[in-house]
Amino acid sequence: MSASALSSHDGPPVDYLTNGTTIRSWLLTTDHKRIGILYMVSITFFYLIGATFAGLIRLELMTPKGDLFSSPDAYNTAFTMHGVVMIFFFLVPSIPAVLGNFLLPLMIGAKDLAFPKINLLSWYLYIIGGAMGLWIMASGGVDTGWTFYTPLSSLYSKTHVVGAACAVFVAGFSSILTGLNFLVTTHTMRAPGMTWYRIPLFVWSMYATSLIQVLGTPVLAISVVLVGLENFFGVGVFDPRLGGDPILFQHLFWFYSHPAVYIMVLPGFAVVSEVIPCFSRRPIFGYKFVALSSVAIAVFGFLVWGHHLFVSGQSMYAGAVFSILSFMVAIPSSIKVFNWTATMYKGSIRFDAPMLYCLAFIGLFMMGGVTGLMVASLAIDVHVHDTYFIISHFHYIMVGGTVSAYLGGIHFWWPKMTGRTYSEFWARLAAILDFVGFNLTFFPQYVLGYLGMPRRYFEYRPEFQVLNVLSTAGATVLAIGMVMPMVYLLLSLRGPKNAGPNPWGATGLEWHTDSPPTTFNFVEPVVVTCDPYLYSPEEAEREYEHAQHDVVA
Amino acid sequence: MSTPSTTLSPETGEQLLLHHFGDLEQQHLSSSLGMWFFLASEVMFFTGMIAAYAVYRALSPEAFHLASLHIDKWLGFFNTWVLLTSSWTMALAVRCTQVGDRRGILRYLLLTAVFGTAFLGVKAYEYGTKIEHHLFPGPHFVVPGSPRDVHATEEGAGDAAHASDYQKLRDASMVDGQLDVKEFANNLGRFQLMFVLYFFMTGIHAFHMIIGIVLILLFAVLTKLHWFSGYGQTQIEMLGLYWHFVDVVWVFLYPLLYLIE
Amino acid sequence: MTELSRSSDAREGPHHVVSLQTYFLVYVALVVLLAATVLASEMPFSRSGHLYAAMAISAVKTILIALIFMHVYYSAPLTWITAAGTLMWVALMIGFFLIDYGSRTWIDILGKWPAGQ
């Protein structure tokens with residue numbers, strides 16, 4: 001993609017990081033890049049909290065008897081807080097709010113998002129929601145599971161359900177505002193020449209994600225408000241004794257929360273669609289299919305929520321319809337996987353750290369997706385519902401998929417965000433450790449679930465112990481793999497800003513401006529004149545041979 | 001989605017251009033589109049409630065019908081009329097920004113606020129009578145005519161049509177001449193559920209109205225102070241979109257809650 | 001941006017000024033439709049007939065408000081799509097909910113749903 005906005009400076013370059021260094025200049029910034037960094041710091045904080053709970057859960061499950069936690073209720077609180085923090089405060093904002101915020105205007109050649117102040121507001125809402133979450137945690141937590149199912153949450157739980165509902169409600173608004181901003185920006189802020197079929201696939205996926213955020217999140221808001229109402233006033237919206245139906249809550253909740261899975265994984269597709277062509281040096285295979293499959297996933301994603309209710313007492317006929325529709329989501333998802341692999345075919349592949357993460361993504365996402373088809377079948381779901389099979393399935397999508405892609409994206413765009421390069425050796429090592437640790441943690445859980453170990457219990461039968469110990473050992477490896485990037489990425493900040501505008505030789509407008517970019521992104525007005533992903537494998541081969549020749553000589 | 005941007009207010013009628021937009025049209029379109037997406041989000045918020053309403057009404061139509069009879073349709077009629085009128089005055093206020101009539105903007109914004117407040121006044125009166133008749137959901141809720149209804153005998157004659165709700169629900173729960181106890185409990189519960197939904201839906205709607213009125217008054221003051229660049233075309237149009245949306249929600253709530261014959 | 005500006009050019013820019021008369025006529029139509037809603041509720045229709053009549057009238061009112069008061073008629077196609085697309089999601093949610101509740105009793109499972117539920 002050629003752009004006329006190549007870096008050319010007369011005076012000393014002022015990038016967005018050095019343009020104001022006071023805390024005030026950060027907290028009141030409306031620069032999308034700084035807000036992206038604010039999000040990155042805050043979600044990392046919540047990620048560490050969520051991971052701590054995960055560690056406690058895995059430690060507890062090392063032995064068949066409950067010994068780490070004082071009571072089953074304490075264990076319930078731990079996995080609930082793990083789920084709430086990881087989903088609402090890490091995964092949902094992760095790629096959109098960090099990488100999306102930073103990159104979306106850069107990629108379409110805009111100076112900022114359409115509503116910079118609303119963008120800052122969304123970060124503050126996130127922080128307010130997060131603070132409420134922390135307060136809930138400090139005062140004893142919630143023990144209903146992240147799904148807040150009634151009547152447990154409305155009638156029986158003695159914990160702070162209303163407070164947690166408020167936290168989720170506020171964080172939800174942050175998500176809506178981010179989505180709204182992205183939608184409008186994509187529509188109205190594109191640079192001249194940036195037609196719909198020239199925008200990078202990252203932006204297409206963000207657009208699809210934002211659609212879900214805007215249309216789905218309010219339904220989550222209303223369902224948690226109804227639970228709060230039932231708790232607070234004692235009126236039985238979902239109380240069967242008062243004519244209510246608990247399954248209605250599940251309908252409302254999953255109307256958001258199933259599409260929310262796509263809020264989490266579509267941004268993963270976004271990153272992978274950028275990284276794979278760059279490190280294969282080939283144009284993406286079937287651009288339009290990859291682009292439109294994102295939108296198709298967003299739409300289909302809204303039609304499948306009932307597969308969470310197969311064994312809840314939902315009508316069997318509705319179950320059959322939802323089962324068929326769930327299978328249909330596999331079509332656009334596999335279009336993506338096939339196109340990524342076809343992009344790599346006959347490419348000149350380089351195994352840099354971002355590529356390793358994205359290759360891990362493809363493999364793990366496929367595992368998660370195929371087991372998703374298994375649990376979308378009515379008959380198999382009856383067997384594996386509420387077992388570790390489900391746990392493993394969605395961790396393959398969310399951790400193996402989204403977190404891998406998030407880390408891949410952070411590594412890919414780290415030189416752009418900070419202007420620094422990191423240690424490639426340690427980065428590759430971390431990527432490999434993550435992959436190995438992840439599989440060691442969660443593959444045994446597929447087996448456990450299939451053998452019948454239920455989720456959400458802190459004791460289990462002794463014959464499951466071997467696999468559980470394996471899983472806990474894997475979690476340790478995974479933890480090391482996750483902590484390593486934090487160390488070497490932070491260490492890289494001490495180095496000079498020597499990354500250069502385009503260290504990967506990538507196409508895309510964001511690589512045509514300085515690293516780190518200036519406050520208004522581009523020095524000169526941007527005009528786009530050609531398609532995205534104009535990589536050439538032949539050229540890459542020639543360069544490689546030159547390099548070899550130099551080494552030999 | 002409004003972008004009140006400046007204290008400088010050139011009397012050319014042109015709005016100021018924010019730095020990250022290319023031209024005024026792009027700026028206006030972005031605001032308008034942002035507001036529409038926000039309203040789409042709001043629609044889904046209300047849809048959650050309406051879906052709950054649809055499910056419970058489909059399960060117990062008789063209970064919803066009987067409960068609806070306690071909600072005064074003529075007060076609702078008056079309120080709908082008030083709200084439609086406020087929507088009209090709001091549309092005129094937006095028109096005044098387009099033709100550059102500052103006094104007109106103020107006049108119509110204030111009229112809209114007055115109508116909105118009148119709506120809330122009637123609403124408050126309605127809530128008052130419901131609470132007085134023990135129709136506010138919760139521990140004090142009494143199905144008229146039920147054994148718990150101490151007022152059934154006192155008010156007696158005048159309230160005869162309402163006093164027998166309990167009996168009517170009982171009649172509706174008969175299966176083959178036998179009382180289906182579970183169905184009867186469900187019907188009694190859903191009689192109350194109708195009031196839960198009534199208070200909740202109209203309450204959330206009223207909450208949106210309050211926000212709307214506060215914003216209208218704020219925008220009126222800002223217009224008076226010449227705070228908006230131009231005549232605040234974009235800002236007041238976005239406020240108008242919000243206000244009309246609140247009106248549309250009520251257009252559906254009125255027949256759903258007040259008119260179940 | 002391109003497809004947006006093109007469409008608004010066709011309709012005299014984003015600030016199309018609607019005449020006072022049009023606004024007044026729409027207002028009168030809305031009040032008439034309001035009277036029609038109440039009148040319809042007094043008619044001897046079946047219960048579902050009442051619901052359909054009321055919803056149809058509300059839909060007409062909404063269309064009038066959206067097209068004229070909210071200027072959709074004078075706006076970019078994208079505004080049309082947003083407004084109409086949202087309704088699709090509304091239908092989706094209510095439709096699927098009712099499919100579930102409506103078809104629960106179709107099959108006779110021993111000991112389940114004796115009536116109603």
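How much area is buried between chain A and chain B, and what percentage of it do carbon and sulfur atoms give? Select the two chains together: about 2900 Å² is buried between chain A and chain B, and carbon and sulfur atoms give 76% of that. Buried area here is the accessible area, found with a 1.4 Å probe, that two parts lose on being put together, summed over both.

Before you go on, note that this is a predicted model, in which local features need pLDDT of at least 70 and side-chain atom pairs count only at pLDDT 80 or more, while totals for chains, interfaces and linings use all residues. Residues are numbered from 1 along each chain as its sequence is written, chains are lettered from A in the order in which they are written, and side-chain values use heavy atoms, with hydrogens and water left out.

**First stop: chain A against chain B**

Pick out Ile222(A), Gly243(A) and Leu248(A): in chain A, these lose the most area to chain B, together 15% of what that side buries. Now widen the selection to everything in contact (heavy atoms within 4.5 Å).

Looking for salt bridges (a side-chain nitrogen of Lys or Arg within 4 Å of a carboxyl oxygen of Asp or Glu)? The count between chain A and chain B is 0.

**Second stop: chain B against chain C**

Now select chain B with chain C. Here the contact takes 58 residues from chain B and 52 residues from chain C. About 5000 Å² is buried between them, with 75% given by carbon and sulfur atoms.

How many salt bridges are there between chain B and chain C? The count is 2. To see a salt bridge, zoom in on Arg47(C) and Glu62(B), whose closest N and O atoms are 3.3 Å apart.
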